[in-house]
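Welcome, and please take a look at the chain shown here. The report that follows walks through a few of its neighbourhoods.

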Amino acid sequence: MHPNIVKHPELAEAGAQRIAWVKQNMPILGIIGQRFEKEKPFRGKRVLVCVHLEAKTSYLALLFAQGGAEVVVTGSNPDSTKDDVVAALDQAGLHVYAAHGASHDDMQQYMSYALDLNPNIVIDDGGDVVELLHGERQDVAQHIVGVCEETTTGVLRARARAKAGQLEFPVVLINDAHCKYLFDNYHGTGQSVWDAIMRSTNLSVCGKTVVILGFGWCGQGCADRARGLGANVIVCETDPIKAVAAHLHGYRVMPSLEASLEADFFVTATGSKHVLNAGHFSSMKNGAVIANAGHFHLELDLASLKSLAIQHQQVRDNVTAYKLDDHRSVFLLGGGNIVNIACGDGHPAEIMDTSFALQALSAEYLVSRGQNLSKGVHVVPQTIDQ
């Protein structure tokens, strides 16, 4: 294995304190961890955890080690990686390759280092490791018993690959479990997105017009919390059923180009590419704030935004002002990366307790049953969800 990548080893104590705090507020994982330590269901197994690398996800990684696994951890997004918890995981004896602000090439290299462990179980968040296993690291795929996929974007990618008959191992769709989308996607995203936006901008939400792009569980959570904060909410949704649902929730529903004329805040939550593009940027109000709640910054056409701007500069931590040629300015949060982690601490600990309990128990399920599962996508067993 390559030596650990740890940008700030001096922050290990601070990272350990963060992990200790979330452990106090994640009792389900605590109960599971006690059993894992006793039964060692992962003894002799190798587990790769590729996630938004912060305190709560670090606790999940440590849980697998508690269960007897050799564990390697890397980040699924450079701006969500917290260097202090990376240092804490290094000090705890795990393999870890991650750094806040890493380049795309560095991220790919870190994932490749992690795959050198020849993992049996992969915890993926967004599907990048699965893509590598079907591309330049096919040499490792033979060791994979199964993958647990955390988020909507990764599920979409796994389903597409399975539909094309190109998925070489079982993938359990954690995101489609009730204890994930009803709690994490809705309540977790709703709270943490607005926490990050308000923390970054120090602006009021009440009385403002908020445009939510996408009315899945994440978008609905963001819309409902914005309304609770006193905002006027517009929803943009291409699925006609979800659009009607947004209407029946009491929101205005309109095309995104029309909505862009009114918005003070934009929040993208679609899992799709370039849902905000040059047409939107050209029509936004002066002072509009843009935040992405999706896994990848590709929800925003950032190349077009940069080409339209005559200058851009950081005006607050995690806030970049783009000045357009007619002297309007729009403000991008967290470089367009997933706002609740790039500009905040992510979902509340109690919410992630249920999501990561699903991960832990589904990984255990793969260890015991994965060899009997067909290649393709699989739902979380109902017994685990319940």
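## A residue in a loop

Let us start with Asn337, which sits in the loop between strand E14 (329–333) and helix H14 (339–342). Helices (H or I, at least four residues) and strands (E, at least two) are DSSP runs, numbered from the N terminus. With a relative accessibility of 7%, Asn337 counts as buried (buried means under 20% relative accessible area, exposed over 50%, partly exposed in between, with a 1.4 Å probe and protein chains only).

Setting aside neighbours within four places in sequence, Asn337 is in contact with Asn77, Asp79, Asn292, His297 and Ala342. Contact here means heavy atoms within 4.5 Å.

## About the model

This is a predicted model, in which local features need pLDDT of at least 70 and side-chain atom pairs count only at pLDDT 80 or more, while totals for chains, interfaces and linings use all residues. Residues are numbered from 1 along each chain as its sequence is written, and side-chain values use heavy atoms, with hydrogens and water left out.

## Helices around H3

Two packed helices are described by the angle between their axes and the distance between the axes. Helix H1 (residues 12–24) packs with helix H3 (residues 55–66) at an angle of about 80°, their axes being 8 Å apart. Axes are lines fitted to C-alpha atoms, for helices over the stretch in contact, and angles run from 0 to 180 degrees between N-to-C directions. H1 and H3 are therefore roughly perpendicular to each other (angles under 35 degrees count as roughly parallel, over 145 as roughly antiparallel, 65 to 115 as roughly perpendicular and the rest as oblique). From H1, the contact draws on Arg18, Ile19, Val22 and Lys23, and from H3 on Ala55, Lys56, Ser58, Tyr59 and Leu62. By class, the contact of H1 with H3 has five nonpolar, one polar and three charged residues (Ala, Val, Leu, Ile, Met, Phe, Trp, Tyr, Cys and Pro count as nonpolar, Asp, Glu, Lys and Arg as charged, and the others, Gly among them, as polar).

Helix H2 (residues 27–39) also packs with H3, at an angle of about 20° and with the axes 8 Å apart. That makes H2 roughly parallel to H3. Here Leu29, Gly30, Ile32, Gly33, Gln34, Phe36 and Glu37 of H2 meet Tyr59, Leu63 and Gln66 of H3. This contact of H2 with H3 has five nonpolar, four polar and one charged residues.

## The open sheet

An open sheet of eight strands runs in the order E9-E8-E7-E10-E11-E14-E13-E12, with mixed pairing. Two strands pair if DSSP finds at least two bridges between them. At the edges are strand E9 (252–253) and strand E12 (309–316), each pairing on one side only.

Strand E7 (residues 209–213) pairs with strand E10 (residues 265–268) in the parallel sense over four bridges, and Ile212 stands opposite Val267 in E10. Helix H9 (residues 217–228) lies across E7, strand E8 (232–236) and E10, running at about 170° to E7.

## Aromatic pairs

How many aromatic pairs does the structure hold? There are seven (rings of Phe, Tyr and Trp, its six-membered ring, pair if their centres lie within 6.5 Å; planes under 30 degrees apart count as stacked, over 60 as edge-to-face and the rest as tilted). The rings of Trp194 and Phe265 have centres 5.8 Å apart and planes at 80°, so the pair is edge-to-face. Trp194 belongs to helix H8 (residues 178–201) and Phe265 to strand E10, 71 residues apart. Both Trp194 and Phe265 are buried.

The rings of Phe215 and Tyr251, with centres 6.0 Å apart and planes at 75°, are also edge-to-face. Phe215 is buried, and so is Tyr251. Elsewhere, ring pairs link Phe36, Phe42 and Phe64 into a cluster.
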